[in-house]
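This report describes selected helix packing and strand pairing in the structure shown below.

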Amino acid sequence: MDKLVIQGGRPLTGQITVGGSKNTALPLMAAALLADGESKIHNMPVLQDVYTFSNVLRVTGATVAFTPDDDPNTPDSMRIDASNIHHPEAPYELVKKMRASFYMLGALLGRCGKAKVSLPGGCAWGPRPVDLHIKGIEALGAEIREEGGYVIAEAPGGRLKGGTFAFEPSSVGATINVLLAAVTASGESRFENAAAEPDVVVFGQMLQAMGAKIDGLGTKTITVQGVDKLNPVEFSNCPDRIELGTYMIAAAIATPPGETFVINGTNADHLGADFRERFAETGVPVTYGDGMIEVEGVETIQPVSIETAPYPGFPTDLQAQWTVMMTQASGASTVRDTVYTDRFKHVPELRRLGAKLRADGDTVTIEGKDATPLSGAIVMSTDLRASVSLVLAGMVASGETNVLRVYHLDRGYEKLEKKLQNAGIAIERDTYDEAHPEG
Ligand SMILES: CC(=O)N[C@H]1[C@@H](OP(=O)(O)OP(=O)(O)OC[C@H]2O[C@@H](n3ccc(=O)[nH]c3=O)[C@H](O)[C@@H]2O)O[C@H](CO)[C@@H](O)[C@@H]1O
Ligand SMILES: C=C(OP(=O)(O)O)C(=O)O
């Protein structure tokens with residue numbers, strides 16, 4: 001298995017570039033299934049999740065061409081030909097690897113009028129239900145039953161009719177799924193407390209470019225007027241806002257005081273107001289430019305407590321990384337996750353690196369830098385954002401940190417070790433024997 005080996009204490013210098021958004025790329029791929037023909041999507045990240053979802057699409061009969069290493073001219077472009085969708089199914093072997101495969105429920109119902117999609121099952125940090133996806137799609141007229149771990153759905157007469165649904169709580173994935181199902185329904189749909197995350201907005205913009213009639217993207221009420229068919233499209237994915245936030249935190253903790261670190265390929269609006277405001281309160285200067293951001297290193301990071309919330313609130317996908325930044329702050333702080341109240345698998349691993357922090361209910365209390373000098377250790381990745389938080393901690397820990405099971409990290413960070421190496425960090429990929437991780 002692969003691990004990342006980090007020699008801590010090296011300064012972050014120069015610049016880094018953010019890739020295409022993972023959490024937008026996946027619904028864009030699902031959207032392409034709705035049109036009879038070939039769509040082309042640019043700025044696609046080279047990530048395990050993108051390869052997994054390509055295979056999910058192929059099962060249905062779609063062809064997916066994405067050969068970034070072989071194609072130096074258009075390395076980030078994907079072609080999806082959905083002319084021949086003859087097998088409306090998403091099997092367990094693929095869905096279990098990646099929850100976003102559940103988008104196939106809405107996409108296949110919208111395209112074929114029927115779908116058989118495996119239930120996604122558990123997640124590394126706890127339960128992640130799909131009840132809102134199912135109820136939302138039922139509200140559009142689908143007949144749904146569960147059988148043998150699969151959701152089997154059918155549109156009476158071969159086409160959904162549209163309907164109304166209110167999400168509680170707001171859900172990114174369920175909003176995407178119902179939109180996939182609603183855009184080709186025969187009537188109107190209205191969704192309340194819909195997700196306003198940039199991932200949903202950009203996905204909705206691709207549907208609009210394909211001919212869908214959608215109003216209210218980016219607000220809590222989205223209305224859809226169903227159309228008879230959608231057309232293939234050429235569309236560009238947006239930059240990854242979570243990768244951007246991760247690099248801003250890396251810059252805050254590892255850029256030498258007074259020096260500047262540059263992050264390219266950015267869309268800072270997608271970070272949401274709360275992250276930007278809380279980041280400003282840490283006292284780390286940030287200059288937001290056009291497609292780039294400069295972060296200045298400081299002597300002292302101020303402790304700032306955060307609470308996650310749907311967009312434009314603080315993203316849950318950045319709370320583990322923030323926790324690491326707070327181990328470097330000049331006092332104590334708290335991190336509360338109201339979206340996923342048990343997403344704290346990184347906490348015991350950070351303790352192995354010497355951090356003084358504890359999780360109590362939905363809140364982690366972190367002691368600051370004086371109480372927590374970090375030192376290298378073997379730590380285990382458990383999920384995507386927990387893994388990257390361990391890499392960040394390894395960058396500021398003294399000595400060597402080994403981050404095991406980096407396949408979690410490879411789901412969502414494109415060429416992370418290469419990008420960090422180019423920015424001065426001593427980080428290497430190596431292999432290890434899972435039974436003897438200490439060699
Ligand atoms: C591939 C992708 O884009 N993943 C992101 C997406 O996940 P995902 O779309 O799975 O997350 P949701 O927005 O659905 O989850 C938000 C909240 O709704 C709850 N819920 C969700 C669905 C449902 O049917 N019932 C229900 O109760 C969840 O338990 C959670 O408490 O948004 C999350 C919240 O920003 C991010 O952490 C994930 O990185
Ligand atoms: C949790 C994430 O992804 P997923 O919803 O696919 O598990 C993530 O991107 O942080």
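A crossing of two helices is called left-handed if the near helix is turned anticlockwise from the far one by less than a right angle, and right-handed if it is turned clockwise. In this predicted model, α10 passes α12 in a right-handed crossing. The contact draws on Ala320, Gln321, Thr323 and Val324 of α10, together with Arg385, Ala386, Val388, Ser389, Leu392 and Ala393 of α12. By class, the contact of α10 with α12 comprises 6 nonpolar, 3 polar and 1 charged residues. The axes of α10 (residues 319-327) and α12 (residues 384-396) come within 8 Å and cross at roughly 20°. Angles under 35 degrees count as roughly parallel; α10 and α12 are therefore roughly parallel to each other.

Helix α5 (residues 131-138) has Leu132, His133, Ile134, Gly136 and Ile137 as buried residues. The elements in the table are among those that cover the buried residues of α5.

| Element covering α5 | Residues |
|---|---|
| α4 | 104-112 |
| β8 | 143-147 |
| β9 | 150-154 |
| β10 | 164-166 |
| α6 | 172-182 |

Turning to strand pairing, 4 strands form an open sheet of mixed pairing, in the order β2-β15-β17-β16. Its edge strands, β2 (15-17) and β16 (286-288), each pair on one side only. Neighbouring strands of this sheet are turned by 15° against each other on average, with direction ignored. Within the sheet, β15 (residues 260-264) and β17 (residues 292-296) run antiparallel and are joined by 5 bridges. Phe261 stands opposite Val295 of β17.

Conventions:
Residues are numbered from 1 along each chain as its sequence is written. Chains are lettered from A and ligands numbered from 1 in the order in which they are written. This is a predicted model: local features need pLDDT of at least 70, side-chain atom pairs count only at pLDDT 80 or more; totals for chains, interfaces and linings use all residues. A residue is buried if 20 or more other C-beta atoms lie within 10 Å of its own, exposed if 12 or fewer, and partly exposed in between; C-beta atoms are placed from the backbone. Helices (H or I, at least four residues) and strands (E, at least two) are DSSP runs, numbered from the N terminus. Two residues are in contact if their C-beta atoms, placed from the backbone, lie within 7 Å. Axes are lines fitted to C-alpha atoms, for helices over the stretch in contact, and angles run from 0 to 180 degrees between N-to-C directions. Angles under 35 degrees count as roughly parallel, over 145 as roughly antiparallel, 65 to 115 as roughly perpendicular and the rest as oblique. Ala, Val, Leu, Ile, Met, Phe, Trp, Tyr, Cys and Pro count as nonpolar, Asp, Glu, Lys and Arg as charged, and the others, Gly among them, as polar. Two strands pair if DSSP finds at least two bridges between them.
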